Amino acid sequence: MGKITFVPVGGLANRMRAVASAVMLAGKTKSELSIIWFRDWALNAPFYQLFKPVDREVACLRDASRLDYALLDRPRSKNFHFPLLFQKLLFKSCLYERSITPLCNWHFDFERWVKEGGCVYMASYTAFQLYDYAWISRLFVPVDEIMEEVENRCRNFSDAMIGVHIRRTDNLASIRQSPIELFYQKLDEKIKEDGKVAIYLATDSEEVKREMKERYGDRIFCSGKKADRGSLEGIREGITDMYTLARTQKIYGSFQSSFSDMAAQIGGVPLEILKL
């Protein structure tokens, strides 16, 4: 049996799809899977404060220790590439996040790589294996406090509740390709079709919240908390938004935002990306 040491990279949704891919790869190659969850600028929160433990029969997922930061973190300028020295000794082969997408484009055989390598290391922020969306809900079960808030928000949802995710702040592609005017146009159409339509809004912009409330009034449901991806509370709020969006009838999302896609996967609901 081979062994895969896997490091999910990036923000929340990126890590979720990468972990699901790693689980698929381990299953196909009958490999033992160890997942190390590192805290960094993209997601500065420990796994155990966000989600319940993953079934040990599926994978061993744990938060990184100090030793892990020295030995198993991705080699980069921040750590002076120091872990690379140990990884060359500990593993027969290593693949890092920047190489994964090009390898996928070249139809790289990840299964063969694992089988031939035996003991391998991999880091990724993207999906490199097809996976059943049901795995997302199985692997990522939010802690009780988050799910209680999701239930509170969904308590008064009607059959005409649609979800909207408008990504802003650091995502220039979303800002340029999915301007708020596209959402206005789509929502105006939906309201004209059905006067009972209500909207759950998830966004990282307080300005967008204000503008949408001014335009649609009581039709808009959204969190009263300020978006803050840099704090534990803010990250937990993002998960609450994601799992609440998953309870809507359809999601209208932003260009190049994995958050919209992940919410649709969790709920098994249709997703339409609004873009120019």
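Trainee: Which residue ranges does the domain assignment of the protein chain give?

Mentor: This is a predicted model, in which local features need pLDDT of at least 70 and side-chain atom pairs count only at pLDDT 80 or more, while totals for chains, interfaces and linings use all residues. Residues are numbered from 1 along each chain as its sequence is written, and side-chain values use heavy atoms, without hydrogens or water. The bounds come from an automatic or database assignment. The ranges are 2-135 for domain 1 and 144-273 for domain 2.

Trainee: What area is buried between domain 1 and domain 2?

Mentor: The C-alpha centres of the two domains are 29 Å apart. Domain 1 and domain 2 each bring 15 residues to the contact, defined as heavy atoms within 4.5 Å. Carbon and sulfur atoms supply 63% of the buried area, which is the accessible area (1.4 Å probe) lost by both parts on being put together, summed over both. The total is about 1,300 Å².

Trainee: Are α1 and α12 oblique or roughly perpendicular to each other?

Mentor: Helix α1 spans residues 12-29 and helix α12 residues 258-267, helices being DSSP runs of H or I with at least four residues. Their axes, lines fitted to C-alpha atoms over the stretch in contact, lie 8 Å apart at an angle of about 50 degrees, on a scale from 0 to 180 degrees between N-to-C directions. Angles under 35 degrees count as roughly parallel, over 145 as roughly antiparallel, 65 to 115 as roughly perpendicular and the rest as oblique. The two helices are therefore oblique.

Trainee: Which residues of α12 make the contact with α1?

Mentor: From α1, the contact uses Ala13, Asn14, Met16 and Arg17. Across both helices, the contact residues comprise five nonpolar, two polar and one charged. The α12 side consists of Ser258, Phe259, Met262 and Ile266.

Trainee: How many nonpolar residues has the contact of α1 with α11?

Mentor: The axis of α1 comes within 11 Å of that of helix α11 (residues 232-245), crossing at roughly 65 degrees, and the pair is therefore roughly perpendicular. Leu12, Ala13 and Met16 of α1 meet Ile239, Met242 and Tyr243 of α11. With no polar and no charged residues, the nonpolar count is six.

Trainee: How many charged residues has the contact of α7 with α11?

Mentor: Helix α7 (residues 144-154) and α11 have axes that come within 9 Å and cross at roughly 45 degrees, which makes α7 oblique to α11. Among the residues in this contact are Glu145, Glu149 and Arg153 of α7, and Arg236, Glu237 and Asp241 of α11. Beside six nonpolar and two polar residues, the charged ones number six.

Terms used: Ala, Val, Leu, Ile, Met, Phe, Trp, Tyr, Cys and Pro count as nonpolar, Asp, Glu, Lys and Arg as charged, and the others, Gly among them, as polar. Buried area is the accessible area (1.4 Å probe) that two parts lose on being put together, summed over both.
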